[in-house]
Amino acid sequence: MRFAFEFLYLLAAVLFIVGLKFLSSPAHARRGNTTAALGMVVATVTLLAGMMLNPEGGPPHNLGLIAAAIAIGAVAGAVAARRVAMTDMPQMVAILNGCGGGSAALISTAEFLHMSQARAGADTMFGCIIGSISFSGSVVAFAKLQGLVSEKAINSPLQKVVNALLFIGLLGLVGMLGFSGGGAPAFYALLGVSLAFGVLMVMPIGGADMPVVISLLNSFTGLAVAATGFVLHNNALIISGTLVGASGTLLTMLMCKAMNRSLANVLFAGFGATTTAGAAGGAAAAAAKNVREVSVDDAAVLLANIQSLIIVPGYGMAVAQAQHSVRELADLLAKKGVDVKYAIHPVAGRMPGHMNVLLAEANVPYDQLFDLDQINPDFERADVALVIGANDVVNPAARSDKASPIYGMPILDADKAQHVIVIKRSMNPGFAGIDNQLYYEPRTSMLFGDAKGAVSKLVEAVKAM
Amino acid sequence: MAEIWVFALAVFVGFEVISKVPVVLHTPLMSGTNAIHGIVMLGGVLVLASAHGPALTTLGFLAVVLGAMNLFGGFVVTDRMLEMFKAKKPRPAAVKKP
């Protein structure tokens, strides 16, 4: 009997692995998600059957409560997942991740209390620490992305001191619980310090770096879940938690690579904080520089009479929900014989790959989307580059200005097109708070307005021709 | 000891299995792996099933609720994203990047 259950857990683990494999290839991604969900069904049924048929510590308690808790969580999770707007995906992933981390921390706490011993095992403490950090960190990430807390990076020397003190306190508590035995008060202190640590870890990080942080916290939760697997002696939890921990770490590193930053740089450099001074100076300089403005009608005439157009969409487009209008404009221009392509920066949107999701939602055909390496050689030959709500990803300072905080980040070479039209609300600096030289180039014209309004007016103007 | 083996091998598999992911899929992959650690719900079930007294019962109950939100929310939201990727007219070779 025991063998049969272990075999079923193994089957679940294999389904997770196959699911992950499929998830990382575009052709099978959706099937991958379904496969992993199937693995989850197998694991759940196995666990429940094991509890009923093969009770080790007597018959299970609280079956009604278990059913109720699963029902509440399932309905809340599924309804939120159905309703969330695609633009809000980063905070959705953050909050779901926080739930997982919180759950792992609660399980570790419950197991510690259950044992009622003065000392705690390494696995119990690890689950508690990492789970709590992941929970509070994710909640802060959610609050920042949702705009409940300032998205700006906060960086004060005082905070580094507090972080260091918390870390020393954490080590002290771990030593106490592991060796001399501190009992429940020490464990609660460990919980509290870990929660505070998670808040302070994410608080200083600017909005632009948040996807990397969420991905890192995602792998943290995976490891916390693996730790609860050790605590509860359950291989399914160990395998799935570890899989997520490892693949999440790799994904985090891939994202850092796409932004040309190191993980340490993202976590400790306080990216936005060092640049706010630069941005303020940039804004002052902007007043002195020359900005050319273009009217909707002039822009429409230009767009209708060219051969090739490259659209560079950014998060500003998505916030304004302008992707449908953009597709309408692209379709109209295509009918007039314009060759339309979209240039997608790896970190366009607020998560890597986010822009592809948003444009897919607006039914933009896949074969018009090109990534950085594919499209960059085409800019020189393009008549117009239309930049909609994108900023840092077309900032030439990344290529030339060594003093710029984004120096070295791969960018889209929109400035090499014959003409550049930038649709932008105002001259304010973008997500990362850095001024953009592109706006002052002689070939650049600014079309001021919110993305949706401006693009809709362009559509009308082109239709009227 | 066997658990350490399981852990070590899972680390390798986790690294290997997603070694090459196109940027297009980073968001769904993050959300998909996020759903997989929703299995923590089962840990909550184990705790709740052996819980005595109000403190442990409350902790277990909350752990299952949070775990279930992670699990169901994660899979549903990932599916929603990937569904849109698929809804297009038959996609040409553009997607099958190496």
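This is a predicted model: local features need pLDDT of at least 70, side-chain atom pairs count only at pLDDT 80 or more; totals for chains, interfaces and linings use all residues.

Mentor: Residues are numbered from 1 along each chain as its sequence is written, chains are lettered from A and ligands numbered from 1 in the order in which they are written. Local features need pLDDT of at least 70, side-chain atom pairs count only at pLDDT 80 or more, totals for chains, interfaces and linings use all residues, and side-chain values use heavy atoms, with hydrogens and water left out.

Trainee: Which residue of E2(A) stands opposite Ile310(A), and with how many bridges does E1(A) pair with E4(A)?

Mentor: Ile310(A) faces Lys341(A), while the pairing of E1(A) with strand E4 (residues 384-388) of chain A is parallel and has five bridges.

Trainee: Why is E1(A) described as largely enclosed?

Mentor: Buried means under 20% relative accessible area with a 1.4 Å probe, protein chains only; six of the six residues of E1(A), 308-313, are buried, so the strand is largely enclosed by the rest of the structure.

Trainee: How is the size of an interface expressed?

Mentor: It is often given as the accessible area lost when the parts come together. Here about 8,400 Å² is buried between chain B and chain A, taken with a 1.4 Å probe and summed over both parts, and carbon and sulfur atoms give 78% of that area.

Conventions: Buried area is the accessible area (1.4 Å probe) that two parts lose on being put together, summed over both. Buried means under 20% relative accessible area, exposed over 50%, partly exposed in between (1.4 Å probe, protein chains only). Helices (H or I, at least four residues) and strands (E, at least two) are DSSP runs, numbered from the N terminus. Two strands pair if DSSP finds at least two bridges between them.
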